[in-house]
Amino acid sequence: MSAEPFLLLAAALFCVGLFGALTQQSIVMLMMGLELMLGGVILAAATVWRHFAPATADGQVLIIVAVTAMALEMAVGFAVVTALFRSRETDMTDMAAELKE
Amino acid sequence: MEFVVFWVPAVLAVGCGALVFRFDSMARATFSLLASLLCTGGLVVLLGLDYLGVVVVLMMTLEMSVMAVFMVMYMMNPAGLTPMTMTHNTRAAAVVCGLLFALLAAGILSAPWPDRRGRPPDDPTLDLGMSLMGPQMLTMMTLAMALFATIVATVVLATRRGRYDRLGDGLRARRADDPVPGGVGR
């Protein structure tokens, strides 16, 4: 199977995730969008490894980086939500806009 | 066969991914995201990366279980019993994402992709391990440091009491004001 369908799927996942990250008000839902975007990145990296450069492991290393980024994003995201909830009783991006004002 | 093996998980991945932002119930949204990421992991296996595909599947299963707990803890309306909109700027975001997808699709379909160089090794996992312990060791060490920094940062962010709560505004208290005193000699 050629690389294009996989890359198109990765692009679709990335764009759906971006839509979620841009539209959701809740920080936890926003993080779900980011997870989907990183899922697209993982798929694209696997495709590039398989179809263009299978001889080196660079594509696989990129997947490891993306998976680690997913874990870090989740952990820090939940810690920020916890800190925000403790001080402001909120979990929405629009209610945490002190720096904007 | 190839058609089914690729297109069923592909359609499920995008469909479940889109449903995440349609569900009112947080548990459904979380498990929809899990389904989407499991399909992604399955496709990574299909691409020949068995180990990384299984890592993605296992990690996402655990991550989404944790996420479900946090969702129920923090969301205003976790069960979705009183539907409410929790979105903003939907139309502009849809335009941005549509344009981006069109741009990416045009690039994917029109780019002169290079021919495959070399062939996949017999054991890609061994290749990955040798690479991480060899030429890519700096990447691995950077990831390790990032993970360690995250552990520290999450504990600092999530803890209720900081050092000023324990030792006073000037940090001059001789004895830390802890709810449960403890430690050696304190």
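How much area do chain A and chain B bury between them, and what share of it lies on carbon and sulfur atoms? In this predicted model, the two chains bury about 6700 Å² between them, with 80% of that area on carbon and sulfur atoms. The legends below start with this interface and then turn to single sites.

**View 1. The interface of chain A and chain B.** Here 69 residues of chain A meet 76 residues of chain B in contact. For the buried area of about 6700 Å², 80% falls on carbon and sulfur atoms. Looking for salt bridges across the interface of chain A and chain B, the rule finds 0. Polar contacts do occur between the chains: the count is 8 residue pairs, with both residues at pLDDT 80 or more.

**View 2. The side of chain A that touches chain B.** Three helices of chain A, namely α1 (3-23), α2 (27-51) and α3 (58-88), each supply at least two residues of this side. With 22 residues, α3(A) gives the largest share. Sorted by type, the residues on this side of chain A are 48 nonpolar, 14 polar and 7 charged.

**View 3. A polar contact between B:Gln136 and A:Asp58.** Follow chain B to the loop between α5 (124-132) and α6 (137-158), and you will find B:Gln136 there. The side chain of B:Gln136 makes a polar contact with the side chain of A:Asp58, at 3.2 Å. Apart from neighbours within four places in sequence, B:Gln136 is in contact with A:Asp58, A:Val61 and B:Ser131. Is B:Gln136 buried or exposed? Its relative accessible area is 19%, so B:Gln136 counts as buried, the cut-off being under 20%.

**View 4. Aromatic rings of both chains.** Over all chains, a search of the whole structure finds 5 aromatic pairs. In one of them, B:Phe3 and B:Trp7, the ring centres are 6.4 Å apart and the planes meet at 45°, so this pair is tilted. Both residues sit in helix α1 of chain B, 4 residues apart, which is about one turn of the helix. B:Phe3 has a relative accessibility of 60% and counts as exposed, whereas B:Trp7, at 36%, is partly exposed. One aromatic cluster is formed by A:Phe6, B:Phe3, B:Phe6 and B:Trp7.

**View 5. A:Thr93 and its contacts.** Which residues does A:Thr93 touch, not counting those up to four places away in sequence? In chain A they are A:Gln24, A:Gln25, A:Ile27 and A:Leu30, and in chain B there is B:His88. A:Thr93 itself lies in the segment after α3 of chain A. Although A:Thr93 and A:Leu30 are 63 residues apart along the chain, their C-alpha atoms are separated by 9.0 Å. With a relative accessibility of 26%, A:Thr93 counts as partly exposed.

**View 6. B:Asp24 in a loop of chain B.** This last stop is the loop between α1 (2-19) and α2 (26-46) of chain B, where B:Asp24 is found. The C-alpha atoms of B:Asp24 and B:Thr85 are separated by 8.9 Å, while the two residues are 61 residues apart along the chain. B:Asp24 is partly exposed, and its relative accessible area is 36%.

Definitions and conventions
Residues are numbered from 1 along each chain as its sequence is written. Chains are lettered from A and ligands numbered from 1 in the order in which they are written. This is a predicted model: local features need pLDDT of at least 70, side-chain atom pairs count only at pLDDT 80 or more; totals for chains, interfaces and linings use all residues. Side-chain values use heavy atoms; hydrogens and water are left out. Contact means heavy atoms within 4.5 Å. Buried area is the accessible area (1.4 Å probe) that two parts lose on being put together, summed over both. A salt bridge is a side-chain nitrogen of Lys or Arg within 4 Å of a carboxyl oxygen of Asp or Glu. A polar contact is a pair of N or O atoms within 3.5 Å; within protein, one must be able to donate a hydrogen and the other to accept it, and residues adjacent in sequence count only if both atoms are side-chain atoms. Ala, Val, Leu, Ile, Met, Phe, Trp, Tyr, Cys and Pro count as nonpolar, Asp, Glu, Lys and Arg as charged, and the others, Gly among them, as polar. Buried means under 20% relative accessible area, exposed over 50%, partly exposed in between (1.4 Å probe, protein chains only). Rings of Phe, Tyr and Trp (its six-membered ring) pair if their centres lie within 6.5 Å; planes under 30 degrees apart count as stacked, over 60 as edge-to-face and the rest as tilted.
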